[in-house]
Amino acid sequence: MDFEITWRGDVYKDAPQASSAAKFGTIGINFRARRARNDDEWARALAMLSCTV
Amino acid sequence: MTANIESSVPGVSRAIEGLDVERLRRAIQDEYAVVASEPDRGFHFHTGRRLAAILAYEEAWLDGIPEGAIASFAGTGNPFSIGPLQPGEKVVDVGCGAGIDSLIAARMIGPTGRVIGVDMTPEMVAKARASAEEARALNVDFRQGFAESLPAEDGWADVAISNGVLNLFPDKLAGLREIARVLKPGGRLQFGDILVAKAVSEKGKRDIDLWKG
């Protein structure tokens, strides 16, 4: 829970070999999250979850 | 709690039908064995000090880290930019490679903390162990293993770090479930990884060459 992407960057630019990164728009990210402290906290987080796939 | 992760969170990739997991693991091990033995060969990703600079690793973090660990660095982010690790904390480094992040973490947490670095590639684990010995890092332990079966007790870790490895899990859900298992309740996850802007086709998900680069 508390998932957050904290940084995005083009980490493949000018790499020695070509890759599929450009084709898929691949970027590097930093992200954080934490394990819920207990089942109640986890249940509350799930109830608030919104995710579009 | 983890059962709810499996049943309730959409968008988390599970096992991929038709993917030859053993072949994928061998291919990744082969690739990263070369990163361990010939880090300057030139890959589809940056490595070493150049990469550390791109990812904003502070020079002070690299002071005293053996060159071998730095040279074979192949991460995609910076777990420490998310927040510092605290003295005495227990850390698991998932896919530790040649050990750069584990060794940085070991210094942040000090002698009362402990790091377990896990990697599936024997050549990387050997290099990480040699670097730990060279750096006289007594609070870090490198172990060969898979992210889906981490060699740590339930609720052991205050923090899980990883850098450029989650994308290589054949079953993201299994890996994340295992990371949740080893974290204490309230434990933190600080990861660097990659994000794709365009969806990968089902055929592409079974294409091992695509997984590698």
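1. In strand E3 of chain B, Ile116(B) has Asp141(B) as its bridge partner. Five bridges connect strand E2 (residues 114-119) of chain B with E3(B), and these strands run parallel; two strands are said to pair if DSSP finds at least two bridges between them. Strands (E, at least two residues) and helices (H or I, at least four) are DSSP runs, numbered from the N terminus. Between E2(B) and E3(B) the chain passes through helix H7 (residues 122-134) of chain B, giving a right-handed β-α-β crossover. Right-handed here denotes a path from the first strand over the helix to the second that runs clockwise, with the strands pointing away from the viewer.

2. This is a predicted model, in which local features need pLDDT of at least 70 and side-chain atom pairs count only at pLDDT 80 or more, while totals for chains, interfaces and linings use all residues. Residues are numbered from 1 along each chain as its sequence is written, and chains are lettered from A and ligands numbered from 1 in the order in which they are written.

3. The sheet to which E2(B) and E3(B) belong is open and has seven strands with mixed pairing, in the order E1(A)-E2(A)-E5(B)-E4(B)-E1(B)-E2(B)-E3(B). Its edges are strand E1 (4-9) of chain A and strand E3 (140-144) of chain B, each of which pairs on one side only. On average, neighbouring strands are turned by 15° against each other, direction ignored. Axes are lines fitted to C-alpha atoms, for helices over the stretch in contact, and angles run from 0 to 180 degrees between N-to-C directions.

4. Strand E1 (residues 90-94) and strand E4 (residues 157-163) of chain B run parallel and are joined by four bridges. In E4(B), Ser162(B) stands opposite Val94(B). Helix H8 (residues 172-182) of chain B packs on the sheet, where it touches E1, E4 and E5 of chain B, and its direction makes about 145° with that of E5(B).

5. Across the two chains, strand E2 (residues 27-34) of chain A pairs with E5(B) in the antiparallel sense over eight bridges. Within this pairing, Arg34(A) has Arg188(B) in E5(B) as its bridge partner.

6. The interface brings 37 residues of chain B into contact with 30 residues of chain A, contact being defined by C-beta atoms, placed from the backbone, that lie within 7 Å. On the chain B side, helix H1 (2-8) and strand E5 (183-195) each supply at least two residues. The largest share, twelve residues, comes from E5(B). By class, this side has 19 nonpolar, 15 polar and three charged residues; Ala, Val, Leu, Ile, Met, Phe, Trp, Tyr, Cys and Pro count as nonpolar, Asp, Glu, Lys and Arg as charged, and the others, Gly among them, as polar.

7. Asp2(A), in the segment before E1 of chain A, has a positive phi of about 55° although it is not a glycine. Asp14(A), in the loop between E1 and helix H1 (21-24) of chain A, has a positive phi of about 65° and is likewise not a glycine. Asp2(A) is exposed because 11 other C-beta atoms lie within 10 Å, and Asp14(A) is exposed with 8. A residue is buried if 20 or more other C-beta atoms, placed from the backbone, lie within 10 Å of its own, exposed if 12 or fewer, and partly exposed in between.

8. Glu38(B) lies in the loop between helix H2 (21-37) and helix H3 (48-54) of chain B. With 12 C-beta neighbours inside 10 Å, Glu38(B) counts as exposed. Glu38(B) and Ala71(B) are 33 residues apart in sequence, and their C-alpha atoms are 9.1 Å apart in space.

Conventions
Contact = placed C-beta atoms within 7 Å.
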